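Subject: Structure handover

Hello,

Here is the structure for you to look at. Notes on what was found in it follow below.

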Amino acid sequence: SSFYPQFSLTHSHTLSLSVFPDKDSVSSSTPRYHMNAAKVLSMFAVHGVDASLSVAPTTNNCFKNTSFTIPTSHNTTRLAKLLKPCCCTIDSKSIGGDVFSVTPPNKCDVDYLGESTKGDLNVKLEQLEAFGIGDDAFEGPIEEVARSETREAEDLLRDLGIPSPSSSRNSPRGIFCTRTLNLRSISAIGYDMDYTLIHYNVMAWEGRAYDYCMENLKNMGFPVDGLAFDPDLVIRGLVIDKERGNLVKADRFGYVKRAMHGTKMLSTRAVSEMYGRELVDLRKESRWEFLNTLFSVSEAVAYMQMVDRLDDGTIPAELGPLDYKGLYKAVGKALFWAHVEGRLKSEIMSKPEQFVEPDPELPLALLDQKEAGKKLVLITNSDFLYTDKMMRHSFNRFLPNDMGWRDLFDIVIVSARKPEFFQTSSPMYEVVTGEGLMRPCFKAQPGGLYSGGSAQMVENSLGIHGDEILYVGDHIYTDVSQSKLHLRWRTALICRELEEEYNALINCRSDRESLIELINQKEVVGDLFNQLRLALQRRSKDRPAQTLAATNMDDEDLTESMQKLLIVMQRLDEKIAPMLEADGELFNSRWGFLSRAGLWDKSHLMRQIEKYADIYTSRVSNFLYYTPFMYFRSQEQNLAHDSYAHYCSQINNEASS
């Protein structure tokens with residue numbers, strides 16, 4: 001239900017609130033009204049507002065009144081300005097017709113950034129005077145008006161205790177944009193469940209998956225005694241080389257920057273000799289396996305440990321001749337059976353509190369989206385019984401008014417079989433009982449619970465297609481790339497590790513600055529050395545050097561200068577090399593940062609994210625800080641020839657001097 005507040009601010013600094021329900025919720029109970037009134041004004045309470053709350057029904061029992069006294073220390077002028085548009089009675093009819101209009105799909109356009117204007121809220125011109133916003137309200141050029149309004153908006157956000165989107169972006173829990181996205185034009189939002197809506201304790205969940213995998217390997221005859229789960233051995237975004245038994249980290253171009261054979265890191269020289277002339281190509285699935293998600297951690301750890309056992313000859317000969325590819329298949333089979341046989345999920349369902357990390361803000365973020373008119377869809381590969389147990393545990397206790405998790409979603413799809421769900425058309429079944437019994441069906445209905453089917457069925461059921469749908473998931477291939485490539489859905493990637501990486505980057509900032517300073521020093525010294533070397537080369541051929549001064553240099557001075565510069569560069573190298581090796585160790589001591597490969601370049605994972613995910617963030621609840629109406633703008637991308645910024649700064653310095 002929707003509630004529309006009416007505010008009035010008296011000279012005695014008393015703020016009165018009337019909460020009006022829409023037509024369909026007139027019969028709602030008093031506690032519902034009371035809760036919404038308190039919720040609307042709680043933002044003032046945290047800033048020292050003396051809350052004197054009174055609730056009294058009117059004769060028609062259709063709203064309750066709430067009064068707050070605002071201390072004189074508050075800037076009531078700014079608060080009054082904020083509440084001014086609400087000082088008239090605003091009911092559901094005026095919201096939809098007399099005051100505002102929403103841009104419908106058949107009348108939408110594209111803005112100057114190429115984004116659809118569908119869903120944008122417009123104020124009717126004839127209402128401007130009614131709200132006291134006449135032609136004389138904006139005096140002067142729009143640039144000056146906007147500058148003033150921006151300052152006041154920042155002050156009001158601060159008074160209300162609401163972080164601005166710009167400050168939220170510059171935090172570990174920011175939502176980062178690679179391709180401009182207007183949330184107002186999104187009509188439906190689809191969600192994956194595992195590691196998206198439900199976040200697991202990696203050590204607990206992946207640790208148990210590893211245990212069951214090792215148990216199955218032992219039953220197959222593999223030596224697993226003495227091995228233990230080590231989640232720090234791998235990170236998301238690495239690539240398994242199944243031909244060589246290696247785990248590698250590649251940059252955005254596919255060049256290997258770091259590598260590990262078994263559980264032993266390879267030297268820079270060994271990496272260069274092994275991969276210097278070849279690139280990681282994820283299209284060659286017979287060789288390369290990309291670690292797309294946290295679910296890949298247990299498999300990668302088990303495989304790298306078993307590579308050590310294969311190398312030291314402890315794998316019994318009766319298992320047959322095994323190469324690294326065959327070993328990978330054996331580990332994959334053992335982990336597959338760990339999931340299929342059901343013991344792992346049964347254990348998690350019996351003790352979800354040991355495996356699931358609940359997020360109280362998450363259900364509220366989805367509730368905001370639903371109340372903003374978005375159709376919400378859950379699309380998960382997990383079966384119904386497991387999905388229901390996890391969602392009940394993680395959602396129901398945080399939802400208001402006895403809502404259940406099913407109340408949030410217009411359509412729920414379990415056992416979706418992604419990525420095929422996005423690629424092909426498969427039969428759909430309706431789940432009709434709490435035990436998971438099903439019957440065939442051909443079209444999804446609002447509020448329905450289904451198994452299988454396809455993305456096209458979801459689109460047809462909702463009457464929403466293509467870039468009107470945003471899909472949110474944690475798997476760069478199964479969730480993000482396939483929904484974009486096949487359906488042109490907008491996409492969001494969930495990557496919980498971003499929070500740890502963001503903090504690690506801040507904590508190692510001084511070390512990185514020192515490293516960059518040393519590299520810049522070597523570059524300047526190296527430039528001089530190269531020029532002197534060229535001058536010496538030309539002199540040996542009886543040709544003049546680059547300049548008259550260089551030509552006239554004494555041979556002894558030239559040679560001595562080059563010797564000194566060469567020693568300086570060599571000593572700088574001795575200092576820089578271990579610092580580069582240690583860069584990122586605050587995130588992972590073996591692999592460094594998730595998003596970087598080397599000091600400046602992006603990792604292969606980051607390239608995948610930029611290519612397929614329109615936005616990315618650490619958790620779904622981060623949407624709570626941005627509102628369902630956010631316009632995400634991509635940031636300026638730095639290019640190698642962006643030296644014009646240096647040129648402009650030079651011009652400004654010359655002008656000021």
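Glu361 has a relative accessible area of 25%, so Glu361 is partly exposed (buried means under 20% relative accessible area, exposed over 50%, partly exposed in between, with a 1.4 Å probe and protein chains only). Its salt-bridge partner is Arg173, with the closest N and O atoms 3.2 Å apart (a salt bridge is a side-chain nitrogen of Lys or Arg within 4 Å of a carboxyl oxygen of Asp or Glu). This pair links distant parts of the chain, 188 residues apart: Arg173 is in the loop between helix H5 (165–169) and strand S6 (175–177), and Glu361 is in helix H11 (residues 361–371). Helices (H or I, at least four residues) and strands (E, at least two) are DSSP runs, numbered from the N terminus. Arg173 is also partly exposed, at 22%.

Please note that this is a predicted model, in which local features need pLDDT of at least 70 and side-chain atom pairs count only at pLDDT 80 or more, while totals for chains, interfaces and linings use all residues. Residues are numbered from 1 along each chain as its sequence is written, and side-chain values use heavy atoms, with hydrogens and water left out.

The salt bridges come to 37 by the rule above. Two further ones involve helices H17 and H19:

- Lys522 pairs with Asp573, the closest N and O atoms being 2.7 Å apart. Lys522 is in helix H17 (residues 509–540) and Asp573 in helix H19, 51 residues apart.
- Arg539 pairs with Asp555, the closest N and O atoms being 2.2 Å apart. Asp555 is partly exposed because its relative accessibility is 47%.

A network of salt bridges links Glu115, Arg179, Lys484, Arg490 and Asp614.

Asp583 counts as buried because its relative accessibility is 9%. Not counting residues up to four places away in sequence, Asp583 touches Arg258, Arg512, Gly592, Phe593, Gly598 and Leu599 (contact means heavy atoms within 4.5 Å).

The last item is Met349, in helix H10 (residues 343–350). Met349 is partly exposed, at 24% relative accessibility. Leaving aside neighbours within four places in sequence, Met349 is in contact with Leu385, Tyr386, Lys389 and Met390. The C-alpha atoms of Met349 and Tyr386 are separated by 6.8 Å, and the two residues are 37 apart along the chain.

Regards
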